[in-house]
Amino acid sequence: MYSSNQIYRRNAYTLPPHRYSSAGMEHRAFIALGSNLGIRVKEIERACREMDRNPKMRVLRTSSLWETDAMYVLDQEKFLNGVCEIETSLSPFRLLDQLQAIEDKMGRVKVIDKGPRNIDLDILLYDEEVFSTERLQIPHAQMLEREFVLRPLCELIPERSLPPHVSLPGGSLQFHLSNLPARQPISSLTPLPRRVPNIIPGDPRRDTRIMSILNLTPDSFSDAGRHFNMEKAEWKKLIKSHMEAGATIIDLGGQSTRPGAVQISSKEEIARVIPAVKIIRSMPQTLDIALSVDTYHADVAEAAIRAGADIINDVSAGMLDDAMLSTVAKLGCTICLMHMRGVPSTMHTLTNYPDGLVETVGRELLSRVQAAEKAGIRRWRIILDPGIGFAKNREQNLELLRRLGELRRYPGLQDFPWLVGTSRKNFVGKVTGVKLAKERKWGTAAAITAAIQGGADIVRVHDVEAMCQVSKMADAVWRV
């Protein structure tokens, strides 16, 4: 029974049935996540894990993370803010108790109201209900004045309206967000490890990141297997040279994905990749780079992350190994989801897009994002790739480069960082008439410039020094 100082009622605010709901978890709630002390991403991720460990609640989806200046108490560090959608069997007050217990377990000490904290968990919405007590107000009383709440919430439920409320106006969440007073634009944030600066895809002045390609295969289409079975000293020299040339991400691949390539076992792939990961991570200077592994096998991904890699670059977006997405979720690492159809040996036959290229690629990538979320991967741990050269013909590759900005704005795909790989690819050779892959530098440079104009955050390249210069020039033109 609710006490006399509460207002409680049900109304027409109806959240859609959720396809991920578990037995006994009959309630849906949206929880604000915030941190401005310690390693902020890790604090927020720990809070999500603590919620998942509670048998009476489960995180269904998360928003992106958004970095903002502090409000109210201004003399403090910037916050990371996000929202998670949960299902729960707890009542609102019991849910509040459990969230505060998580804050206590994580060592939150409240010095002043709205002051610095390593973790902040607030209930924004709970089913269709309205509460007003001294301890708990749902919907959250100040949510409509806070862009750092509305923006991540609108990633999850943009068209939903608040329930009728004695003090908060009606209208969709997107309506309230669009009617906030003009402020300095904020951007989502994708964390990179160690000393590598985070990716801020909404910052118009951001630097394009250079991902250096290092194939560990004997049959690479672009470098004729020159990195296969290299000695340790050669590896260290090579990595140092790529870092000095401007690479901030190294992408290791032990399995060729070119059409017709011989497919190897995951055991053999591990034998190729893991020694290279360990050599690279034995170099102190590699704290300044992120290490990615190009694989579509879950066991390779797990071995690589445990050996010191940071990112899994899966050309199939989890479609070629049913265990990939759940494995990445368990590891808590970042994944790049690329658009592809079929398998490398059949993808060249799957280039029919009757609904339009951008519409179809956007829709199919969105389905992979949803699959990743369902598996438990946090939204801020996802990078997207349009899949240039994968299940696309020459004209389609060119169209994707021309229309990358449209694809980035596809509903549900906004605010993600994008990786684009055009380096030395076959369509570049067809356009320029250059047959040898290693001689396609100039065509690659033009394609990279187009990708940066379209909003790419990362470009994946072979010729690191030259493409770093190209990206710097393109950034100077377009990133203003």
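Two bits of housekeeping follow. This is a predicted model, where local features need pLDDT of at least 70 and side-chain atom pairs count only at pLDDT 80 or more, while totals for chains, interfaces and linings use all residues. Residues are numbered from 1 along each chain as its sequence is written, and side-chain values use heavy atoms, with hydrogens and water left out.

Now, the overall picture. The protein chain has 14 helices and 17 strands; these are DSSP runs numbered from the N terminus, helices being H or I with at least four residues and strands E with at least two. Of the chain's 480 residues, 57% count as buried. Buried here is under 20% relative accessible area, exposed is over 50%, and partly exposed is in between, using a 1.4 Å probe and protein chains only. If you take contacts between residues at least 6 apart in sequence, 71% of them join residues at least 24 apart.

Let's go to helix H6, residues 266-281. H6 has 16 residues and reaches 22 Å from its first C-alpha to its last, close to the 22 Å expected at 1.5 Å a residue; that expected span is 1.5 Å times one less than the number of residues. Its buried residues include Val273, Ile274, Val277 and Arg281. And what covers them? The cover includes helix H5 (232-245), strand S11 (249-253), strand S12 (290-294) and helix H7 (298-307).

H5 is also where you'll find leucine 238, which counts as buried at 11% relative accessibility. Leucine 238 and leucine 214 are 24 residues apart in sequence, with their C-alpha atoms 9.6 Å apart in space.

On to H7. The buried residues of H7 are Ala298, Val300, Ala301, Ala304, Ile305 and Ala307, and their cover includes H6, S12, S13 and helix H8 (324-331). Is glycine 308 buried or exposed? Buried, with a relative accessible area of 13%. Setting aside neighbours within four places in sequence, glycine 308 is in contact with Arg194, Val277, Arg281 and Leu291. The C-alpha of leucine 291 is 7.7 Å from that of glycine 308, and the two are 17 residues apart along the chain.

Another loop residue for you: serine 63, between strand S3 (57-62) and strand S4 (65-68). Serine 63 is buried, at 0% relative accessible area. Beyond neighbours within four places in sequence, its contacts include Gly82, Pro152, Arg379 and Trp380.

Those last two names bring me to the cavity. By cavity I mean a set of points, on a 1 Å grid over the protein atoms alone, where a 1.4 Å probe fits but cannot get out; lining residues have an atom within 4 Å of a point. How many cavities of 30 Å³ or more are there? One. The largest cavity has a volume of about 30 Å³, volume being the space filled by probe spheres set on the points, which are joined across faces, edges and corners. Among the lining residues are Ser64, Leu65, Arg379, Trp380 and Asp415. The lining divides into six nonpolar, three polar and two charged residues. Nonpolar covers Ala, Val, Leu, Ile, Met, Phe, Trp, Tyr, Cys and Pro, charged covers Asp, Glu, Lys and Arg, and the others, Gly among them, are polar. Domain 1 (27-188) and domain 2 (191-478) each supply at least three lining residues, with bounds from an automatic or database domain assignment.

Technical notes: On a 1 Å grid over the protein atoms alone, a cavity is a set of points where a 1.4 Å probe fits but cannot get out, and a pocket is an open set with protein on both sides within 12 Å along at least five of seven lines; lining residues have an atom within 4 Å of a point. Contact means heavy atoms within 4.5 Å.
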